[in-house]
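Hi everyone, thanks for coming.

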Amino acid sequence: MEIKNIEWISKEALEAEVIVTDGETEIRCFAQPLNYAEGCVLKNPIYCFNVSDIIKAKRPKYTIERLDEYFSYRFTGKLVNKAKVIVGKFLLELDNKIPGDINEGDFISFLCQRLDIF
């Protein structure tokens, strides 16, 4: 996960919109404070705010779908633990509990209202 582009909302507040890429796909994230530069590799997961509609996926396939709201996405990925999901080469951390019938290693689908990097 690498920062491809930074669009500053406020340099004084270190608030920005950030394009993150895994080399194939790009996602738009919010950052405040942003302490990275373009080209930096993210070491921490991307945090998913207001996660909803968590379900077990019918097929084990990675998908990223950008939704109408500015930072919102629908993801399908592999659950690596009860808080983290791998989607392609992106590591995402969810802010919502995973339903009890979903286990590590299962593919899940979910909605996310906003993506944040710290």
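A disulfide, remember, is a pair of cysteine sulfur atoms within 2.5 Å. The structure holds zero disulfides.

Before I go on, a word on the source: this is a predicted model, where local features need pLDDT of at least 70 and side-chain atom pairs count only at pLDDT 80 or more, while totals for chains, interfaces and linings use all residues. Residues are numbered from 1 along each chain as its sequence is written, and side-chain values use heavy atoms, leaving out hydrogens and water.

So, are these cysteines buried or exposed? Cys48 has 0% relative accessibility and counts as buried, and Cys112 is buried too, at 2% relative accessible area. Buried means under 20% relative accessible area, exposed over 50%, and partly exposed in between, with a 1.4 Å probe and protein chains only.

Cys112 belongs to strand β10, residues 107-112. Strands (E, at least two residues) are DSSP runs, numbered from the N terminus, as are helices (H or I, at least four). Six of the six residues of β10 are buried, so the strand is largely enclosed by the rest of the structure. Phe107, Ser109 and Leu111 point one way, whereas Ile108, Phe110 and Cys112 point the other way.

Which strands pair with β10? Pairing needs at least two bridges found by DSSP. Strand β5 (residues 52-56) pairs with β10 in the antiparallel sense over three bridges, with Ser52 opposite Leu111. Strand β7 (residues 73-79) also runs antiparallel to β10, joined by six bridges, and there Lys78 stands opposite Phe107.
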